[in-house]
Amino acid sequence: MIRNLLWPLLAATLTLNAQAAEMAGMNHDAMSPDMSAMDHAAMSEPASGEVRKIEGNKVTLKHGPLKALGMPGMTMTFEAADPAELAGLKVGDKVHFTPRSEGGKLVAAGISKS
């Protein structure tokens, strides 16, 4: 008897969780952020970092938390929005930049020495 009452409750809970994840811009199958939903959020909060590597039009930065992207501090590689901004930068330079998600790629815009 109790078992018959629990199944509908469990089904309702799973449905509500899936709906909440979908409304929050999450992929409810993987429960991870949907990058296309993040793209629409105009990820434009400035950040600071330190150049670890420059290769072509990509720059690896050690940065603090990126609130707009929901990421903790870490070291990661960004594509430069304007590769010309990488000219004159070298490993170890402290920089300011604006992290964005564009088409599922992480992009650093407005890169400049601190």
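Let's start inside. The largest nonpolar core has 16 residues. Val59, Leu61, Phe78, Val95, Phe97 and Ile111 have the most contacts within it. By nonpolar core I mean buried Ala, Val, Leu, Ile, Met, Phe, Trp, Tyr and Cys residues joined through side-chain atoms within 4.5 Å. Buried means under 20% relative accessible area; exposed is over 50%, and partly exposed lies in between (1.4 Å probe, protein chains only). Strands S3 (47-55), S4 (58-63), S5, S6 and S7 each supply at least two residues of this core.

A word on the source. This is a predicted model, where local features need pLDDT of at least 70 and side-chain atom pairs count only at pLDDT 80 or more, while totals for chains, interfaces and linings use all residues. Residues are numbered from 1 along each chain as its sequence is written, and side-chain values use heavy atoms, with hydrogens and water left out.

Take Leu61. Beyond four places in sequence, Leu61 touches Glu50, Val51, Met74, Thr75, Met76, Phe78, Val95 and Phe97. Contact here is heavy atoms within 4.5 Å.

Now the strands. They are DSSP runs of E, at least two residues, numbered from the N terminus. Five of them make a closed barrel, in the order S3-S4-S5-S7-S6, with mixed pairing. Pairing takes at least two DSSP bridges between two strands. Neighbouring strands are turned by 55° against each other on average, direction ignored. That angle is between lines fitted to C-alpha atoms.

S5 (residues 74-80) and S7 (residues 105-113) run parallel, joined by two bridges. Ala80 has Ala108 in S7 as its bridge partner. S6 and S7 run antiparallel, with seven bridges. There, Pro99 stands opposite Ala108. S6 and S7 form a hairpin with two residues between them. Gly103, in that turn, has a positive phi of about 60°.

Last, Asp93. Where does Asp93 sit? In the loop between S5 and strand S6 (94-102). Why does Asp93 count as buried? Because its relative accessibility is 9%. A polar atom of its side chain lies 2.8 Å from the backbone nitrogen of Lys90. Leaving out residues up to four places away in sequence, Asp93 touches Gly49, Glu50, Val51, Gly88 and Lys113.

Terms used:
Helices (H or I, at least four residues) and strands (E, at least two) are DSSP runs, numbered from the N terminus. Axes are lines fitted to C-alpha atoms, for helices over the stretch in contact, and angles run from 0 to 180 degrees between N-to-C directions. A polar contact is a pair of N or O atoms within 3.5 Å; within protein, one must be able to donate a hydrogen and the other to accept it, and residues adjacent in sequence count only if both atoms are side-chain atoms.
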